[in-house]
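Take the chain below and follow it from its overall make-up to single side chains.

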Amino acid sequence: MKKLFQILLFFIFFALSCKCFANPYLRAELSGAPIIEQNNILANLNIAYIQNDISKLYIKSQEAYLLNNENQNVKIPINKLYLISDGNEFQINNTGWQNFYTSNEAEGNLFQKNINLRLENIGELPAGRYSCLLKFLNRNIFGDFECDFLFAFTVDEKQLIVPTSGEPLIALSSEDVFKKGNTIKNQTDTTLNLNSNTSWSLWLLTSNFSADEYFVFIKNANGKILNYQKEAIKLMPNQKYLLAKGSATLEGIEPLNNVPTSITLEYSHKNANADSYPKEGIKQMHLTYLMEREQI
């Protein structure tokens, strides 16, 4: 009688699955959005399955890598992905099924199993959507029941500029103001440390800048810089000047994969060859730096 009930239950759920296009014996769904951390990605999953006698749950990957949909050259080996169930950690592979849970609870009922997927030991990731197809298996007395689960997350684009000093200061002495054609440089060069998970462009904005004979010159450029302005730029108010372009400041997908990237700026004032003289004193320039995504 017990076996007859199980068979009847199987056909009832099978009929329902055909009607609603769902597998009643196994379903995997995300519980909230994946959490993206510095070196890890964490996702909570809910596994719903029908228990019959003893049910065994398995997982495997259909792909060897999690691919970046924007750049197929950026890929994370599947062996960096782990399933955590009841405190036990299972390294996921694409070579065969791996049993992560066995249940022998009451038969014929719908059960819920909460698990975690975690990408471990990765560095900062280039921007884009990452995905791979996983398969789950519920093996019980009625056979094997599979379902697909697309594990996917999106890394937003990020650009960061960290200056090593404040706004440039140029000190004009009483002697400097009378030296026509003389160039007075800022007291301390400004170094901009750059961080970006996409290709980028760096701009200088002079919206809060007063007109005068001020110039900027890039003295040095290091890291993931493709090209930069090699001549001094005369600055005018309310302008946007392109300083440099570069690629993502990341190499590989391992921890500590950020390549130090920076440019050093030298600001200067040049006395005009005219009958007017600048005022002596400290000249502070109010400037804004902007880093944008660049399609290269």
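**Strands, salt bridges and buried residues**

Glu146 counts as partly exposed, because its relative accessibility is 41% and the class covers what lies between buried, under 20% relative accessible area, and exposed, over 50% (1.4 Å probe, protein chains only). The model is a predicted one, in which local features need pLDDT of at least 70 and side-chain atom pairs count only at pLDDT 80 or more, while totals for chains, interfaces and linings use all residues. Residues are numbered from 1 along each chain as its sequence is written, and side-chain values use heavy atoms, with hydrogens and water left out.

The partner of Glu146 is Lys135: the two form a salt bridge in which the closest N and O atoms are 3.5 Å apart. A salt bridge here is a side-chain nitrogen of Lys or Arg within 4 Å of a carboxyl oxygen of Asp or Glu. Lys135 lies in strand 11 (residues 128-140) and Glu146 in strand 12 (residues 143-155), so the pair ties together parts that are 11 residues apart in sequence. Lys135 itself counts as buried, because its relative accessibility is 14%.

For the chain as a whole, the count is one helix and 24 strands. Helices (H or I, at least four residues) and strands (E, at least two) are DSSP runs, numbered from the N terminus. Of the 296 residues, 42% count as buried.

How many salt bridges does the structure hold? The total is 17. Side chains of opposite charge can pair when their charged atoms come close. One of the pairs is Arg118 with Glu89, whose side chains meet at 2.7 Å, N to O. This pair links distant parts of the chain, with Arg118 in strand 10 (residues 110-119) and Glu89 in strand 8 (residues 88-91), 29 residues apart. Arg118 is partly exposed at 28% relative accessibility, and Glu89 is also partly exposed, with a relative accessible area of 41%.

Another salt bridge runs between Glu292 and Lys240, with the closest N and O atoms 3.6 Å apart. Glu292 is in strand 24 and Lys240 in strand 21, and the pair links distant parts of the chain, 52 residues apart. Glu292 is partly exposed, with a relative accessible area of 30%; Lys240 is partly exposed at 40%. Elsewhere, salt bridges that share partners join Lys185, Asp189, Lys219 and Glu266 into one network.

Strands of a sheet pair through backbone hydrogen bonds, either parallel or antiparallel. Two strands are taken to pair if DSSP finds at least two bridges between them. Strand 19 and strand 21 (residues 240-246) run antiparallel and are joined by three bridges. Ile225 stands opposite Gly246 in strand 21.

Phe217 is found in strand 18 (residues 214-222) and counts as partly exposed at 30% relative accessibility. Leaving aside neighbours within four places in sequence, Phe217 is in contact with Lys230, Glu231, Ala232, Thr264, Leu265 and Glu266. Glu266 is one of the residues in the salt-bridge network. The C-alpha atoms of Phe217 and Ser268 are separated by 8.3 Å, although the two residues are 51 apart along the chain.

Not counting residues up to four places away in sequence, Ser103 touches Tyr49, Gln51, Asp53, Ile54 and Ser55.

Cys132 is buried, with a relative accessible area of 1%, and Cys147 counts as buried at 11%. A search of the whole structure finds zero disulfides, a disulfide being a pair of cysteine sulfur atoms within 2.5 Å.

Definitions and conventions: Contact means heavy atoms within 4.5 Å.
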